[in-house]
Structures are given as structure tokens and as C-alpha cells.
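Here is a friendly walk through a single chain, to be read with the structure open beside you.

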Amino acid sequence: MENGMWMHCHTAQLIVTFAFLGIALVSLINAFVNNAVIGSILRIINIIVAIIALLTPGIIIKMCMMSTMRCHALLKPFTIIMCILLIISEIALMIINIKSTKKN
């Protein structure tokens with residue numbers, strides 16, 4: 001902005017970026033965990049962080065007033081798509097993990 005302050009969408013972008021970095025870190029840790037309970041807990045953490053990231057642009061942090069701005073055109077749709085895919089994949093992996101541990 002002209003007065004030196006950041007726009008709201010910049011803060012939303014930073015929160016979403018750090019949320020995805022956290023999800024990547026938890027997923028990396030989960031790759032080396034052999035315990036099913038700890039793996040499920042890590043997946044639930046990823047789901048919670050993905051929901052927070054999903055709600056950040058537009059709900060938790062208001063976006064720009066113009067719908068043609070980059071935050072509306074790129075950040076919000078990309079965040080929604082990636083978070084929904086992540087939540088679906090984490091739930092599917094939890095179900096697969098639970099079924100495989102019940103067989104053993």
C-alpha cells in the first residue's frame with residue numbers, strides 16, 4: 001500500500017504458505033513412522049491444518065474488494081482445490097491404514 005502497510009491478501013498468502021510447509025513437514029515425519037496410532041494422529045493434524053488453510057483466504061482473513069485481483073483469481077481457488085484434495089487423501093490413507101492394521 002502507499003502508506004507502507006501490507007495488503008490483507010499478503011498475510012493470507014503467508015499463512016497458507018506456512019500451513020502447507022507444516023503439512024509437508026508432518027507428512028515427511030509420517031513417512032518414517034511405523035506406528036498406526038501415531039500415523040493416524042499425524043494425519044488428523046494435517047487435516048486440521050488443511051481446514052485452517054482452507055478457511056484462511058476469504059473467511060479468516062478478508063480478501064481484496066475487487067474480484068479480479070490476484071488473491072481472488074489465484075490464491076483462493078488454488079488453496080481450496082489443494083486443501084480439499086489433501087483432506088480427501090488423508091482420510092483415504094487413514095482408512096487404508098486402519099483396515100491394514102485390523103488384518104494383522
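A residue counts as buried under 20% relative accessible area, exposed over 50%, and partly exposed in between (1.4 Å probe, protein chains only). By that rule Asn3, at 56% relative accessibility, is exposed. Asn3 sits in the segment before H1.

Before going further, please keep in mind that this is a predicted model, where local features need pLDDT of at least 70, side-chain atom pairs count only at pLDDT 80 or more, and totals for chains, interfaces and linings use all residues. Residues are numbered from 1 along each chain as its sequence is written, and side-chain values use heavy atoms, with hydrogens and water left out.

**Burial and distances**

Helices are DSSP runs (H or I, at least four residues), numbered from the N terminus. Gly22 lies in helix H1 and is partly exposed, because its relative accessible area is 29%. Cys64 belongs to the loop between H2 and H3, and at 15% relative accessibility Cys64 is buried. Each of these residues can be paired with another one for a C-alpha to C-alpha distance:

| Pair | Apart in sequence | C-alpha to C-alpha |
|---|---|---|
| Asn3 and Asn30 | 27 residues | 44 Å |
| Gly22 and Ala73 | 51 residues | 24 Å |
| Cys64 and Leu28 | 36 residues | 34 Å |

**A nonpolar patch**

Patches are made of residues with over 30% relative accessible area and no salt bridge, nonpolar side chains (Val, Leu, Ile, Met, Phe, Trp, Tyr) being joined within 5 Å. Accessible areas come from the Shrake-Rupley method with a 1.4 Å probe. One such patch covers about 610 Å² and is made by Ile44, Ile48, Ile51, Ile52, Leu55, Ile59 and Ile60. Of these, Ile44 is found in helix H2 (residues 36–55). Ile44 is partly exposed, with a relative accessible area of 41%.

**Two pockets**

Rolling a probe the size of a water molecule over the atoms shows where empty space is left. On a 1 Å grid over the protein atoms alone, a pocket is an open set of points where a 1.4 Å probe fits, with protein on both sides within 12 Å along at least five of seven lines; lining residues have an atom within 4 Å of a point. A volume is the space filled by probe spheres set on the points.

The largest pocket has a volume of about 220 Å³. Its lining consists of Met7, Cys9, His10, Gln13, Cys64, Met69, Arg70, Cys71, Leu74 and Leu75. Helix H1 (8–31) and helix H3 (70–103) are the elements that give two or more residues to this lining, and H3 gives the most, with four. By type, the lining holds seven nonpolar residues, two polar and one charged.

The second largest pocket has a volume of about 160 Å³. Eleven residues line this pocket, and the closest to its centre are Met7, His8, Met63, Cys64 and Met65. This lining divides into nine nonpolar, one polar and one charged.

**A charged pair**

Side chains of opposite charge can pair when their charged atoms come close. A salt bridge is a side-chain nitrogen of Lys or Arg within 4 Å of a carboxyl oxygen of Asp or Glu. How many salt bridges does this rule give? The count comes to one. Glu90 forms a salt bridge with Arg43, and the closest N and O atoms are 3.4 Å apart. The pair links distant parts of the chain, with Glu90 in helix H3 and Arg43 in helix H2, 47 residues apart.

Conventions:
Patch = residues over 30% accessible without salt bridge, like charges linked within 9 Å, V, L, I, M, F, W, Y side chains within 5 Å. Nonpolar A, V, L, I, M, F, W, Y, C, P; charged D, E, K, R; others polar.
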